[in-house]
Amino acid sequence: QLQLVESGGGLVQAGGSLRLSCAASGSIISINTMGWYLQAPGKQRELVADITRGGITNYADSVKSRFTISRDNARNTINLQMNSLKPEDTAVYYCAADVRTIRTAGYSWGQGTQVTVSS
């Protein structure tokens, strides 16, 4: 059974940093794009950043130059280094991955991790 497990969320003051991690496990054949999404209260889920298997990255305009996504294909993990955090970055952050397993193919989601930035 495929699992995406996030870690690293928490409470930080504005201007601080956090590092999120996500590990995929299960009967994985291959993983294409992996990424991070956020969902603030009362709003739709939106892309923060994603990365292809080949290392091509894509960022939301709001996080460019502040956040960095990285990936370890051998370990099926991605990280999101978040610097210069702002109160408006407060949200639940979800890991997502386009995964092929022995039974399924398509996007899967983690449970989410809360990031709270105080002013």
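Is Ser65 buried or exposed? I looked it up in this predicted model. Ser65 is exposed, with a relative accessible area of 78%.

**Entry 1: two loop residues**

I placed Ser65 in the loop between strand S6 (57–59) and S7. Then I checked its backbone. Phi of Ser65 is near 75°, a positive value, and the residue is not a glycine. Most residues other than glycine have a negative phi. I noted a second case. Asn76 is not a glycine either, yet its phi is positive, at about 55°. I found Asn76 in the loop between S7 and S8.

**Entry 2: the core**

Next I turned to the nonpolar side chains. In soluble globular proteins, such side chains tend to be buried together. Here the largest nonpolar core has 30 residues. Trp36, Val48, Phe67, Leu80, Met82 and Tyr93 have the most contacts inside it. I then listed the elements that give two or more residues to this core: strands S3 (18–25), S4, S5, S7 (67–72), S8 (77–82), S9 (91–101) and S11 (113–118). Which strand gives the most? S9 does, with five residues.

Leaving aside neighbours within four places in sequence, I found Phe67 in contact with Val48, Tyr59, Leu80, Gln81, Met82, Asn83, Leu85, Asp89 and Tyr93.

**Entry 3: rings and a charge**

How many aromatic pairs are there? I counted one. Tyr37 and Trp109 form this pair, and its geometry is edge-to-face. The centres are 4.9 Å apart, with 65° between the planes. Tyr37 lies in strand S4 (residues 28–39) and Trp109 in strand S10 (residues 105–109), so the pair ties together parts that are 72 residues apart in sequence. Tyr37 has 19% relative accessibility, and the cut-off for buried is under 20%, so Tyr37 counts as buried. Trp109 is partly exposed, at 38%.

Trp109 came up again with Arg45. The charged end of Arg45 sits over the ring of Trp109, 4.7 Å from its centre. The charged end of Arg45 also sits over the ring of Tyr94, 3.7 Å from its centre.

Last, I looked at Asp50. I placed Asp50 in strand S5 (residues 46–51). Asp50 is buried, yet it has no salt bridge. Which side chain of opposite charge is nearest to Asp50? It is Arg71, 8.7 Å away. A salt bridge needs the charged atoms within 4 Å. I then noted what Asp50 does touch. Leaving aside neighbours within four places in sequence, Asp50 is in contact with Thr33, Met34, Gly35, Ile56, Thr57, Asn58 and Ile69.

Note on methods
Residues numbered from 1 in each chain as written. Predicted model: local features only at pLDDT ≥ 70, side-chain atom pairs only at ≥ 80, totals over all residues. Heavy atoms only, no water. Helix = DSSP H or I, 4+ residues; strand = E, 2+ residues; numbered from the N terminus. Buried < 20%, exposed > 50% of the residue type's maximum accessible area, 1.4 Å probe, protein only. Lys, Arg positive; Asp, Glu negative; His and termini not counted. Contact = heavy atoms within 4.5 Å. Phe/Tyr/Trp six-rings, centres within 6.5 Å; stacked < 30°, edge-to-face > 60°. Lys NZ or Arg CZ within 6 Å of the ring centre and 35° of its normal. Core = buried A, V, L, I, M, F, W, Y, C linked by side-chain atoms within 4.5 Å.
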